[in-house]
Amino acid sequence: SFRAAERLGRIKPSPSTAAAARVRELKGQGRSILDLTVGEPDFDTPAHIKQAAIAAIEAGETKYTPVNGTPRLRQAIRGALQRTHGIEYSDAEITVGGGGKQVIFLALMATVDAGDEVLIPAPYWVSYPDMVRANEGTPVIVPTSAENGYKVTAAQLEASITDRTTWLILNSPGNPSGAIHTEEELSALAEVLRRHPAVSVLSDEIYSEISFTGTPAPSLAAVAPDLRHRVLVVSGVSKSYAMTGWRLGYAAGDPALVGAINTLQSQTSSCPSSISQAAAAAALEGPQDFIAESVPVYRERRDVAVAGLRAIDGLTPLVPDGAFYLYVDCAGLIGRTSPEGKVLADDQDVTFYLLDQAGVAVIQGSAYGSSPFFRISFATDLGTITAAVEKIAEAVAALR
Ligand code: PLP
């Protein structure tokens, strides 16, 4: 029978995937559920991107590509990084993979030995700690606070670094907080990093263009060009261009690290799908209207959701500067009692209560390493958001 490897015991399935399965199950039982768990744009992939994929199929671009992507895709990525970061990356500094997620995993696999420490500010994207653990590293969670806008500070970074620290994972705009590190905040982190040359930064910028500040989120690589070889910029087309299913992400950084990631890539998937590469190249080098049009839509949804949730006694939503999530402080609900007599002891209980009582699916803050909170996604239509906020308000009003 199946005997699991030791490394499997260190990780668990992604809570977002688990939440999606629960929603499907309830819907299967005929319940109508307002689903605010999804971490992907509800928009369709723009037509010119789909056309580029169709054209690639018809032109016979259906074979293995170089491990580090087609020359056209690499050129498109370099162009995009030049546009957003003002940095001229060479081909040897670019790697591509089946989503930003795969690139992050391979970057950790290439660099983390047993006992190496990876600093992960909380709340964090659910996958980071498990990816570190899968590669035998030790995730070191750095809790952030409301006073600092849920961003890691220079002092916290300084205090968390040990001689085992290999990486700081910086995710701006953050999932689930939506927090964006300003240039000043990044400069302060860079000052600390200059004193600790063994620490690299995995800068997860997958949401960088979904920003409500008027400009894309700044990058440490651009703010501190002297640290460029210690910053692995990770991004992809999933979120900005509504291309989650195409599975195409990339990273830019130190050529030695990029080469190591490519070696691992050559022994895992060889290369991402040639068709997705053609589509991603079109996304990155083509017209950028989709981003300009979708960001104000997200922004309006954010504002509607924030206003609605703020009006509910016991809930305090953080106002995100980017990405498409709201991280909602639900400390005011802890200890209250449901009509069935169940005391809500933690954010997992709150999440179950909202699912049962309101038919609204959200994800508990404990999944992101910060409680008591829950995350809602506003990558869904305004009607669903409005209805969900109303249902949440009714369910909260029913608590004693
Ligand atoms: N990083 C963060 C913070 C995310 O939220 C996600 C997706 O949910 C990813 C990376 C990975 O995206 P993809 O693998 O689709 O490029």
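The legends below describe close-up views of one predicted model.

**Figure 1. Numbering and confidence of the model.** Numbering starts from 1 along each chain, following the sequence as written. Because the model is predicted, local features need pLDDT of at least 70 and side-chain atom pairs count only at pLDDT 80 or more, while totals for chains, interfaces and linings use all residues. The chain has a mean pLDDT of 96. On this scale the predictor states its confidence in each residue from 0 to 100. A pLDDT of 70 or more is reached by 100% of the residues. The ipTM is 0.99 and the pTM is 0.96.

**Figure 2. The shell around the ligand.** The ligand is surrounded by 13 residues. The closest are Gly 99, Gly 100, Lys 101, Gly 236 and Ser 238. By class, nine residues of the shell are polar, two are nonpolar and two are charged. Here Ala, Val, Leu, Ile, Met, Phe, Trp, Tyr, Cys and Pro count as nonpolar; Asp, Glu, Lys and Arg count as charged; the others, Gly among them, count as polar.

Figure 3. Helices (H or I, at least four residues) and strands (E, at least two) are DSSP runs, numbered from the N terminus. Helix α7 covers residues 183–194, twelve residues in total. Its end C-alpha atoms are 16 Å apart, in agreement with the 16 Å that α7 should span at 1.5 Å a residue. The expected span is 1.5 Å times one less than the number of residues. Glu 185, Leu 186, Leu 189 and Leu 193 of α7 are buried. The buried residues of α7 fall within an arc of 95° seen down the axis, so they line one face of the helix. The arc is that of the directions from the helix axis to the C-beta atoms. A residue is buried if 20 or more other C-beta atoms lie within 10 Å of its own, exposed if 12 or fewer, and partly exposed in between, with C-beta atoms placed from the backbone. Glu 184 and Arg 194 are exposed on the other side of α7. The buried residues of α7 pack against α6 (154–160), β6 (200–204) and α8 (220–223). Two residues are in contact if their C-beta atoms, placed from the backbone, lie within 7 Å.

Figure 4. Helix α3 (residues 71–85) has 15 residues. From first C-alpha to last, α3 reaches 20 Å, close to the 21 Å expected at 1.5 Å a residue. Its buried residues include Arg 74, Arg 78 and His 85, along with Leu 73 and Ile 77. Packing partners of the buried residues of α3 are β2 (94–97), α8, β8 (249–252) and α10 (274–285). Gly 86 follows α3 and has a positive phi, near 65°.

Figure 5. Tyr 128, Pro 129, Met 131 and Val 132 are the buried residues of α5. These fall within an arc of 165° seen down the axis of α5, so they line one face of the helix. The cover over them includes α4 (100–111), β3, β4 and β5 (165–171). Glu 136 follows α5, in the loop between α5 and β4 (138–143). Phi of Glu 136 is positive, about 70°, although Glu 136 is not a glycine. Glu 136 has 16 C-beta neighbours inside 10 Å and so counts as partly exposed.

**Figure 6. Two cis peptide bonds.** The bond from Ala 122 to Pro 123 is cis, with omega near 5°. Pro 123 sits in the loop between β3 (117–122) and α5 (127–134). The bond from Ser 371 to Pro 372 is also cis, with omega near -5°. Pro 372 sits in the loop between β12 (363–364) and β13 (373–377).

**Figure 7. Pro 143 in strand β4.** Pro 143 lies in β4. With 12 other C-beta atoms within 10 Å, Pro 143 is exposed. Pro 143 touches Ala 122 and Ser 370, leaving aside residues up to four places away in sequence. The C-alpha atoms of Pro 143 and Thr 263 are separated by 34 Å.

**Figure 8. Ser 270 between two helices.** Ser 270 lies in the loop between α9 (255–268) and α10. Phi of Ser 270 is positive, near 70°, in a residue other than glycine. Ser 270 counts as exposed, with 11 C-beta neighbours inside 10 Å.

How values were computed
A residue is near a molecule or strand if its C-beta atom, placed from the backbone, lies within 6 Å of it.
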